Amino acid sequence: MENEKLNQNEQEELDDDIVILEDEDGNAVTFQFLELVTVDAKPYAILLPLDEGDEDMGVVIVEVVDLGAESEHYDAVLDDELNARIFEQFRKEFGDKYVFE
C-alpha cells in the first residue's frame, strides 16, 4: 500500500512538471520542465520535448515572464548567443544531475 502511495506521489510530481505550449502553427506541444536557470537576472525554463518525433530536438529554453497573480508566460529565446549562455549556465548548475551529449 505504501508503494502505491509513493508511486502516486511520483506521478503527481511528474504531472506537475508537464508544460504544454503551442507551436507557431497552434499545435499543442508537451514538455517536461527540467530546471529553472537565472541569467542576467532573468529566469529561463529548461524544457524537454515529450511528444513523439521531438526526441532528437534536445532541450528548449524559454524565458519565464511573471504576469502576477500566480500566472506566467513563456517567451521563446531566439538569440543564439543568449541561448548558448543559458545552456552553459544550466550545465554548470545541473551537470551532476543530467547527462549531456
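This is a predicted model: local features need pLDDT of at least 70, side-chain atom pairs count only at pLDDT 80 or more; totals for chains, interfaces and linings use all residues.

Reader: How many helices and strands does the protein have?

Author: Helices (H or I, at least four residues) and strands (E, at least two) are DSSP runs, numbered from the N terminus. Here there are two helices and five strands. Their order from the N terminus is α-β-β-β-β-β-α.

Reader: Which strand is joined to E4 by six bridges?

Author: Two strands pair if DSSP finds at least two bridges between them. Strand E5 (residues 71-76) is joined to E4 by six bridges, and the two run antiparallel. One of the bridge partners is His73 in E5, which faces Val65 as its partner. E4 and E5 form a hairpin with two residues between them, and Ala69 in the turn has a positive phi of about 50°. Strand E4 (residues 60-68) also runs antiparallel to strand E3 (residues 42-49), with four bridges joining them. There, Ala45 has Val62 in E4 as its bridge partner.

Reader: Which residues make up the largest nonpolar core?

Author: In soluble globular proteins, nonpolar side chains tend to be buried together. A nonpolar core is a set of buried Ala, Val, Leu, Ile, Met, Phe, Trp, Tyr and Cys residues joined through side-chain atoms within 4.5 Å. Buried means under 20% relative accessible area, exposed over 50%, and partly exposed in between (1.4 Å probe, protein chains only). Of the 101 residues in this protein, 22% count as buried. The largest nonpolar core has eleven residues: Leu34, Val37, Val39, Tyr44, Ile46, Ile61, Val77, Leu82, Ile86, Phe90 and Phe94. Strand E2 (28-39), E3 and helix H2 (80-94) are the elements that give two or more residues to this core. H2 supplies the largest share, four residues. A second, separate core has nine residues, including Phe31, Ala45, Val60 and Val62.

Reader: What is Phe94 in contact with, leaving aside its neighbours within four places in sequence?

Author: Contact means heavy atoms within 4.5 Å. On that basis Phe94 is in contact with Glu35, Leu36, Val37 and Phe100.

Reader: How is the largest pocket lined?

Author: Rolling a probe the size of a water molecule over the atoms shows where empty space is left. On a 1 Å grid over the protein atoms alone, a pocket is an open set of points where a 1.4 Å probe fits, with protein on both sides within 12 Å along at least five of seven lines; lining residues have an atom within 4 Å of a point. Twelve residues line the largest pocket, and Leu48, Gly58, Val59, Val99 and Phe100 lie nearest its centre. The largest share of the lining, three residues, comes from H2.

Reader: Is Asp40 buried or exposed?

Author: Asp40 counts as exposed because its relative accessibility is 54%. Asp40 lies in the loop between E2 and E3. Most residues other than glycine have a negative phi. Asp40 is not a glycine, yet has a positive phi of about 55°. Ala41 is found in the loop between E2 and E3, and its phi is near 65°, a positive value.

Methods. Residues are numbered from 1 along each chain as its sequence is written. Side-chain values use heavy atoms; hydrogens and water are left out.
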